[in-house]
Amino acid sequence: MQRQIFTEEHDAFRETVRAFLAKEVLPYYEQWEQDGIVSREAWLAAGRAGLLGLAVPEEYGGGGSDDFRYSAVLAEEFTRAGAAGLAIGLHNDIIGPYLTGLATDEQKRRWLPGFCSGETITAIAMTEPGAGSDLQGIRTTAEDKGDHWLLNGSKTFISNGILADLVIVVAKTTPEGGAKGLSLIVVERGAEGFERGRNLDKIGQKSQDTAELFFNDVRVPKENLLGELDGAFIHLMTNLAQERMGIAVAGIAAAEHLLEITTQYVKEREAFGRPLSKLQHIRFEIAEMATECAVTRTFLDRCIVDHSDGVLDAVHASMAKWWATELQKRVADRCLQLHGGYGYMSEYKVAKAFTDGRIQTIYGGTTEIMKEIIGRSLLA
């Protein structure tokens, strides 16, 4: 079905993204996978290409557009290229809204120009060794010391953790407040007592640095409080819909791309003297996946438009997230199976997509959490 949500401007932007990937990412990606981290030069190149800070006001060097369709184009093209390591979506769509929506004018002047140029790489530190989706379990504390915050605690599974120059830390500022006693504290590179642990060894997305972070009596200036004191819970809930949409968009794009690869493969691969595509079972497998992708794409495109118009709610974002990522997981498994032994070889795209995509149903809120959000809305 012909997609109808993009304009000529979006199509032109897609060509820009493809050119960027071809020149600045794909020639170096294998080395980044081996290194376990992308180069900082890639981030600077993304800034020069205008791919960072799409929704940041132009006065700070951004694109000045809150049209989520541009972010969708980025997610789709990076997914098709198999280039999850350069976490531009995290930077733009997850962390960006906190800075544009909550930062003071002084903070914006301090942080947003580097955010848009690629000189300031960002991360958000929420997850702890004993606390994932349950914000009440967060133990990191920020104690008010008059002219500064004293930050203590640790975080884990932090994307961009090694490269990050600016980390938004979710910390407890009112111990007795539970989830309502959390605030967002911004820690900058070089702060004394701020240490990075090992670059975690994952089964997929090898070039995307994911780290443990440690805060030992870190003195953070009072002016680095982001948003309202004890307001982190509301701030986090407000921005989660966009995070989940970004993951969902990547999910359906991955499923569609895997289907394309596998459709071509079964036409070329022979068994019992004829192409695999001549076997009824193979045709049925392809037909089922194609139908599931088409139905999911229709729903996702509606969600993309609704989010661009500012009317997408958390429930439908949760539906999009769990459904698209679970579809991605199913399609990756079935496509690998149809590739046979070759599908298990690392040099085949389907193998890399299988391991890179497995995290999709986990981060940004697990499938189980998404279903809980939806169920509560229907049965409250």
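This is a predicted model: local features need pLDDT of at least 70, side-chain atom pairs count only at pLDDT 80 or more; totals for chains, interfaces and linings use all residues.

Residues are numbered from 1 along each chain as its sequence is written, and side-chain values use heavy atoms, with hydrogens and water left out.

Helices here are DSSP runs (H or I, at least four residues), numbered from the N terminus. Axes are lines fitted to C-alpha atoms over the stretch in contact, and angles run from 0 to 180 degrees between N-to-C directions.

| Pair | Axes come within | Crossing angle |
|---|---|---|
| α4 (residues 68–80) and α7 (residues 232–268) | 8 Å | roughly 40 degrees |
| α5 and α6 (residues 105–117) | 10 Å | roughly 160 degrees |
| α5 and α7 | 9 Å | roughly 135 degrees |

Angles under 35 degrees count as roughly parallel, over 145 as roughly antiparallel, 65 to 115 as roughly perpendicular and the rest as oblique. A crossing is left-handed if the near helix is turned anticlockwise from the far one by less than a right angle, and right-handed if clockwise.

Take α4 and α7: they cross at roughly 40 degrees, which makes α4 oblique to α7. Their crossing is right-handed. On the α4 side, the contact (heavy atoms within 4.5 Å) includes Phe68, Ala72 and Ala75, and on the α7 side Met245, Gly246 and Val249 are among the residues involved. By class, that's eight nonpolar, four polar and three charged residues. Ala, Val, Leu, Ile, Met, Phe, Trp, Tyr, Cys and Pro count as nonpolar, Asp, Glu, Lys and Arg as charged, and the others, Gly among them, as polar.

Now α5 with α7: this pair is oblique and right-handed too. Asp93, Ile94, Pro97, Tyr98 and Leu102 of α5 meet His235, Leu236, Asn239, Gln242 and Glu243 of α7.

The crossing of α5 and α6, on the other hand, is left-handed.

Finally, the second largest pocket has about 420 Å³ of space. A pocket is an open set of points on a 1 Å grid over the protein atoms alone, where a 1.4 Å probe fits, with protein on both sides within 12 Å along at least five of seven lines; lining residues have an atom within 4 Å of a point. The volume is the space filled by probe spheres set on the points. Of its 23 lining residues, Ala55, Asp66, Pro97, Gln242 and His307 are the closest to the centre. α5 gives the most to this lining, with five residues.

Methods: Helices (H or I, at least four residues) and strands (E, at least two) are DSSP runs, numbered from the N terminus.
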